[in-house]
Amino acid sequence: MSKSVGYALFAGLAAVCVLISTAIFVGFGGEGGGLGSSPHKPRDPAAPAVSGQWVGTWSAAAAAAEPGTLNGYAGMSIRNVVHTSVGGSGVRIQLSNLYGTRPLVVSHASLALAAAPSNPTAATGTMRRLSFGGKPAVTIPAGGAVTSDPTRLKVPGDADLLVTTYSPSSSGPATYHPYARQTSYLARGDRAEDATGAAYTEQSPYWRYLTGVDVWSTQAHGAVVAIGDSITDGITSTAGANHRWTDFLAARLRNEPGAPRYGVLNQGISGNRLLVNGSRFSPNNGPSVLSRLDRDALSRTGVKAVIVEIGLNDLFKSPRQLDPQKIVAGMRQLVRQAHARGLRVTGSTLTPFGGHRGYSDLLNSVREQVNRIIRSGSVYDEVVDFDKALRDPSMPVRLRPSYDSGDHLHPSDEGFRAMANAVNLEHLKQSAPASL
């Protein structure tokens with residue numbers, strides 16, 4: 001063999017080695033895998049995610065500072081139980097100190113699959129210690145947030161995860177999400193990597209500090225974010241059953257032929273309004289959808305589509321907004337924000353509330369005027385008619401009895417299922433914003 005041929009063969013082998021190394025890197029954390037990289041580059045939603053990408057599988061909005069937690073949870077382990085919408089081969093989490101008044105030190109954090117639904121015990125062999133920038137501990141400044149390093153773990157879709165944080169020192173008010181409709185757990189001392197749940201003797205209906213979970217997926221193409229009020233939050237859904245309308249939507253996206261393989265991220269806050277911020281210390285309300293849209297929806301990992309369900313609390317809560325044009329103007333502003341990110345918005349009609357203690361003919365008239373404008377197609381890129389899906393055909397100002405949780409405002413589990421079934425999945429595949 002001549003020297004020139006030998007050099008050529010050597011160079012060719014070296015090039016192949018480089019290509020293989022690059023493929024291995026991209027296969028877990030290459031494009032979109034860095035903590036500072038963009039999580040939602042434009043992509044054809046019908047194209048297969050061959051090399052994989054980060055996709056949001058679960059989220060909850062940071063709603064307020066938890067009352068009575070001026071010193072945070074010093075010396076305690078918090079084991080949040082959350083439910084995935086899509087699976088993957090790697091995982092990372094987001095923690096928030098949005099409502100904290102001092103730095104939050106997390107000296108130990110872990111993640112595991114739950115051994116059983118709503119159970120604090122980890123499935124055998126799944127406990128993983130989390131790191132942040134290569135370190136086992138992280139300090140989150142007041143008002144700040146952090147994303148963990150990726151860790152390898154095969155995460156199924158439609159499964160419970162245990163995300164545990166331990167803080168050794170006082171940190172100020174805890175950033176939390178009330179009305180989780182899911183039981184989480186607390187333990188004294190550093191029990192972050194306890195596989196058994198024996199030490200987790202205190203139960204809690206809240207999620208604390210945890211605002212997102214992403215998975216590295218070769219199957220999912222992105223995520224759809226639902227943002228809204230208590231109806232999206234699922235406040236009347238059966239606790240622990242994952243029967244919010246977003247959970248039923250996630251099941252459709254996992255199982256229906258031709259459905260886009262998207263994760264579903266629920267960013268509902270009970271009591272939330274479109275136009276007006278709630279108190280930072282209120283157990284509900286939260287910042288307005290207008291003020292939180294970018295953080296809670298448009299910036300989520302892998303977002304491809306946004307669904308907005310909002311407006312009733314602007315009618316109910318003081319100061320009341322009784323001008324339908326001002327409500328619609330706020331909705332159009334949401335759409336402009338999303339369009340600036342290249343995202344389409346599906347918006348919902350306002351649902352019936354006849355029989356509710358807050359009902360009046362005046363408020364219902366405003367609701368119906370807003371709905372007429374929404375249905376005209378001049379507000380959102382697409383419309384999902386939750387009003388039509390839920391109302392009683394014989395008495396349209398009220399919820400259908402089987403869809404009524406009992407308070408004549410919030411849906412039952414079957415009502416939430418009907419909402420999910422009303423979403424046109426083809427609309428979620430569209431990529432270019434409409435011209436409104």
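Three strands form an open sheet in the order 2-12-15, with antiparallel pairing. The edges of this sheet are strand 2 (64-65) and strand 15 (207-208), each of which pairs on one side only. The model is predicted.

- Strand 2 pairs with strand 12 (residues 175-177) over 2 bridges, in the antiparallel sense.
- Opposite Ala65 stands Thr175 in strand 12.

- In strand 3 (residues 76-83), 8 of the 8 residues are buried, so the strand is largely enclosed by the rest of the structure.
- Met76, Ile78, Asn80 and Val82 point one way from strand 3, while Ser77, Arg79, Val81 and His83 point the other way. Both sets are buried.
- One partner of strand 3 is strand 11 (residues 160-167), and the two pair in the antiparallel sense over 8 bridges.
- Within strand 11, Thr164 is the bridge partner of Arg79.
- Strand 3 is also joined to strand 13 (residues 184-188) by 4 bridges, and these two strands run antiparallel.
- Ser77 stands opposite Ala187 of strand 13.

**Helix 4: burial**

- Helix 4 (residues 289-298) is mostly covered, with 7 of its 10 residues buried.
- The buried residues of helix 4 are Val289, Leu290, Arg292, Leu293, Asp296, Ala297 and Leu298.
- Residues three or four places apart in an α-helix point the same way, because the helix has 3.6 residues a turn.

**Helix 4 against helix 6**

- The axes of helix 4 and helix 6 lie 10 Å apart, and the helices pack at an angle of about 30°. That makes helix 4 roughly parallel to helix 6, because angles under 35 degrees count as roughly parallel.
- The crossing of helix 4 past helix 6 is right-handed.
- From helix 4, Val289, Leu290, Leu293, Asp294 and Leu298 take part in the contact. They meet Gly330, Gln333, Leu334, Gln337 and Ala338 of helix 6.
- By class, the residues of this contact between helix 4 and helix 6 divide into 6 nonpolar, 3 polar and 1 charged.

**Helix 3 against helix 9**

- Helix 3 (residues 245-255) and helix 9 (residues 413-422) have axes that come within 8 Å and cross at roughly 50°. Helix 3 and helix 9 are therefore oblique to each other.
- Helix 3 passes helix 9 in a crossing that is right-handed.
- On the helix 3 side of the contact are Trp245, Phe248, Leu249 and Arg252. On the helix 9 side are Asp413, Phe416, Arg417, Met419, Ala420 and Asn421.
- The contact of helix 3 with helix 9 has 6 nonpolar, 1 polar and 3 charged residues.

**Helix 9: burial**

- Asp413, Gly415, Phe416, Ala418, Met419 and Ala420 are buried in helix 9.
- Helix 3 is one of the elements covering the buried residues of helix 9. The cover also includes helix 2 (230-233) and helix 8 (386-390).

Notes:
Residues numbered from 1 in each chain as written. Predicted model: local features only at pLDDT ≥ 70, side-chain atom pairs only at ≥ 80, totals over all residues. Heavy atoms only, no water. Pairing = 2+ DSSP bridges. Buried < 20%, exposed > 50% of the residue type's maximum accessible area, 1.4 Å probe, protein only. Axes fitted to C-alpha atoms, helices over the stretch in contact; angles between N-to-C directions. Parallel < 35°, antiparallel > 145°, perpendicular 65-115°, else oblique. Left-handed = near helix turned anticlockwise from the far one by under 90°. Contact = heavy atoms within 4.5 Å. Nonpolar A, V, L, I, M, F, W, Y, C, P; charged D, E, K, R; others polar.
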